Amino acid sequence: MATVVVVTSGKGGVGKTTSSASFATGLALRGHKTAVVDFDVGLRNLDLIMGCERRVVYDFINVIQGEATLRQALIKDKHTENLFVLPASQTRDKDALTEEGVGRVLDELKQEFDYIVCDSPAGIEKGALMALYYADAALVVTNPEVSSVRDSDRILGILQAKSKRAETGAEPVREHLLITRYSPRRVEIGEMLSVEDVQEILRVPLIGVIPESEMVLQASNSGDPVIHANGHDVAEAYRDVVSRFLGEERPMRFLDPDKKGFFKRLFGG
Amino acid sequence: MNPRDQLPLPLPAGRGAAHSGRDANRGERAFEIKGSTFSLLSLQLKSDSLEHVAHDLDQQIARTPGIFDVEPVVIDCKEAADAFARQFDALVAMLRSRGLRPVGVCNAEASWRDAALEAGLGVLEGAAPAPKRLTAAEKAEAPAIVDKAIPSSAAREGPPADVQVVRKTVRTGQRVFAATGDLTLLAAVNAGAEVLATGSIHVYAPLRGRALAGVKGDSQARIFTLCMEAELVSIAGTYRVIDRELAADVRGKAVQIYLDGEKLVIEPLRV
C-alpha cells in the first residue's frame, strides 16, 4: 500500500526541498520505489536540487491537464535506482492545481510506487494545501527559531483540519517533527531554541535533527542530494531520519556542541 | 398549599398531587408537569425601526460570529412603541433569521400582548433581571467593546465549534469558542491562537495566545491558567495586552484573572 508523505513547514527557506530530496533518495537507497513531486508551481526548485533541471520535458501540470502522461513527465534519477522526480511547472500558476487533478495523479503514482514524497511550497495557500491534502504522513520541517516554530504550528493546525483524512474522519495524518539547521553551539549560547523548546510548543514526535552544514549549499550547487555526502553529519542525520521513518530505532545524534580536539582547533574544522 | 397550584397551567380537574397525565387505558404516565426555571436572554427593544434593530443585530453578529446559535429569546417590550407591534411578525421572522428564537414577550401591554398571542408566542410575566446578568441590549454593548478593540486575529476555518473541553493543543491561527458556559483546556493554547467563552476559561496548561472570557457580558467570568504567558486577556470586553512587563510572581506562573470593577487583575494562584 503506497504511502504519501508531505514535506511541509509553513515558513519558507527552512529546508523542505533539501529534505524532500534527501528523504526520497534515502527511501530509494533502502530499496523502495519512490517518487518525489514538486508542488511549488511557478517557483520550482526540486529539479535543481535533484540535478535534473536540464531533463524536464513535461511537468506535473501537464499531467493534470492531460497534455502528457505520467510516464512522459517522470524523470528517472541519475544517482539512485528506484527514484523518480515529477517536476513542477515553471510557467503556469497555482490555479492549475486542482484537488481532483492532484488526486488522480497521486492515485496513478500509487499504482507503481511505494512512497510518494510531496515537496510543499512555503505558505498556506493553494500549493501548500494541495501538497498536504492527500498525505498519509507529514514531515514538518522546522528551524529552531521562533518564526519557524510559529509557522510550523500553523501548518500543523491546517494538517489536522484540512487534510483529506481530517475531512473524512479517517485516521489522522501521522505527524513527524524534523528540525533542520540545528546549531548546538548557538543553542548553548541561547541564540537558538533547543530541541526541547521546539517540542514543548509543537508537541509532535521528533523524527530527526539535521545539523547546520555548509555541505547543503554545496549539494544544491552540484544538484546532488546531500544524503549522498557519505560520512558528513548532514548525510548521516538524513539517513537516520529515513531509518526512523521505516520503524527502526536510532539515537539522536549531532545535538551536542562539537568539542573540538587540538588538531581541529589548530587547522579549523 | 400545594406549590403546583401556583402554576398558570390548566390542570386536569380532579387529579390530585400527581400532575401527570395518566393514560387511563395503559396506566402509564404520558407526561409530568414540574415547576422549572430557565435562564433566558431577553432582547429589550429600544428602537421602533425594524431596520435599525436588524442593522445593529447584524453588526453584533459580524463582530462575534456564531454568538446566537438557535438562542431562545424573550422580547422585552418595556420601551417599545405601541405602533411597532404591528410589525410583530416581521420582527419575529427577522430575529429567527439571525439565530434567535423568540419564545415570548414580557413587559408587554395591549398591542404587543395581542400581537404575541396572535403569533402563537407566550406572554411571560414578571421578568426579573437575574442579578449581575445584563439584558440582551446591554450584552450587545459589552461584546462591542471587545470586538472594536480586538479584531479577531484567528483565521475563520469554518464556524467556531461549540466545545466545553479541549484536549489537544490549540495551534496558531485556531480559534475555540464555548458559546455556553465555561471552556476547559487540558492542553496548551499556543501563541497566535484564540480561546473564547461565554463563561470562564480554565487552562490546565500554558496559555500563550489570547483568552477572552465572558464574551456575552458576564463580568464575573474568570480566566485560570497554570502558566501565564498570554498575549492578551479579556473579561466581558475589558482587555489587556500583555507585553513583557508582567510581574515576576505571575509571569509563567499559575494565575487567575478577574475583573475588579473596571480593572483586570492578574493574581497568582496560591493553593
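Analyst: Start with a network. Glu200(A), Arg203(A), Arg208(B) and Glu229(B) are linked by salt bridges. A salt bridge here is a side-chain nitrogen of Lys or Arg within 4 Å of a carboxyl oxygen of Asp or Glu. This is a predicted model, where local features need pLDDT of at least 70, side-chain atom pairs count only at pLDDT 80 or more, and totals for chains, interfaces and linings use all residues. Residues are numbered from 1 along each chain as its sequence is written, chains are lettered from A and ligands numbered from 1 in the order in which they are written, and side-chain values use heavy atoms, with hydrogens and water left out.

User: Where does Arg203(A) lie in chain A?

Analyst: Arg203(A) sits in the loop between α10 (195-202) and β8 (206-211). Such labels come from DSSP runs, numbered from the N terminus: helices are H or I with at least four residues, strands are E with at least two. The phi of Arg203(A) is near 55 degrees, a positive value in a residue other than glycine. Asn82(A) also has a positive phi, near 70 degrees. Asn82(A) lies in the loop between β3 (75-76) and β4 (83-86) of chain A.

User: How do I read the interface of chain B and chain A, and how many salt bridges does the rule find across it?

Analyst: Begin with contact, meaning heavy atoms within 4.5 Å. Chain B gives 14 residues and chain A gives 13 residues. Next comes buried area, the accessible area (1.4 Å probe) that two parts lose on being put together, summed over both. Here that is about 1100 Å², with 38% of it on carbon and sulfur atoms. The rule finds three salt bridges across this interface. In one salt bridge, Arg150(A) pairs with Glu231(B), with the closest N and O atoms 3.9 Å apart.

User: What about salt bridges beyond the interface? How many are there over all chains?

Analyst: The general idea is simple. Side chains of opposite charge can pair when their charged atoms come close. Over all chains, the count comes to 25 salt bridges. Lys33(A) and Glu112(A) form one, with the closest N and O atoms 2.8 Å apart. Lys33(A) lies in the loop between α1 (16-29) and β2 (34-38) of chain A, and Glu112(A) in helix α5 (residues 99-112), so the pair ties together parts 79 residues apart in sequence.

User: Are Glu194(B) and Arg210(B) buried or exposed?

Analyst: Check the cut-offs. Buried means under 20% relative accessible area, exposed over 50%, and partly exposed in between (1.4 Å probe, protein chains only). Glu194(B) is buried at 1%, and Arg210(B) is buried at 14%. Their side chains meet in a salt bridge (3.1 Å, N to O). Glu194(B) is in strand β10 (residues 194-197) and Arg210(B) in strand β12 (residues 210-213) of chain B, so the pair ties together parts 16 residues apart in sequence. By contrast, Lys33(A) is partly exposed at 25%, as is Glu112(A) at 31%.

User: Which residues touch the most other members of the largest nonpolar core?

Analyst: A nonpolar core is a set of buried Ala, Val, Leu, Ile, Met, Phe, Trp, Tyr and Cys residues joined through side-chain atoms within 4.5 Å. The largest has 50 residues, and those touching the most other members are Phe39(A), Phe60(A), Leu86(A), Leu97(A), Val102(A) and Leu109(A). Helix α7 (residues 146-162) of chain A gives the largest share, five residues. Leaving aside neighbours within four places in sequence, Leu109(A) contacts Ala35(A), Val37(A), Leu70(A), Leu74(A) and Ile116(A). A second, separate core has 36 residues, including Val7(A) and Cys52(A).
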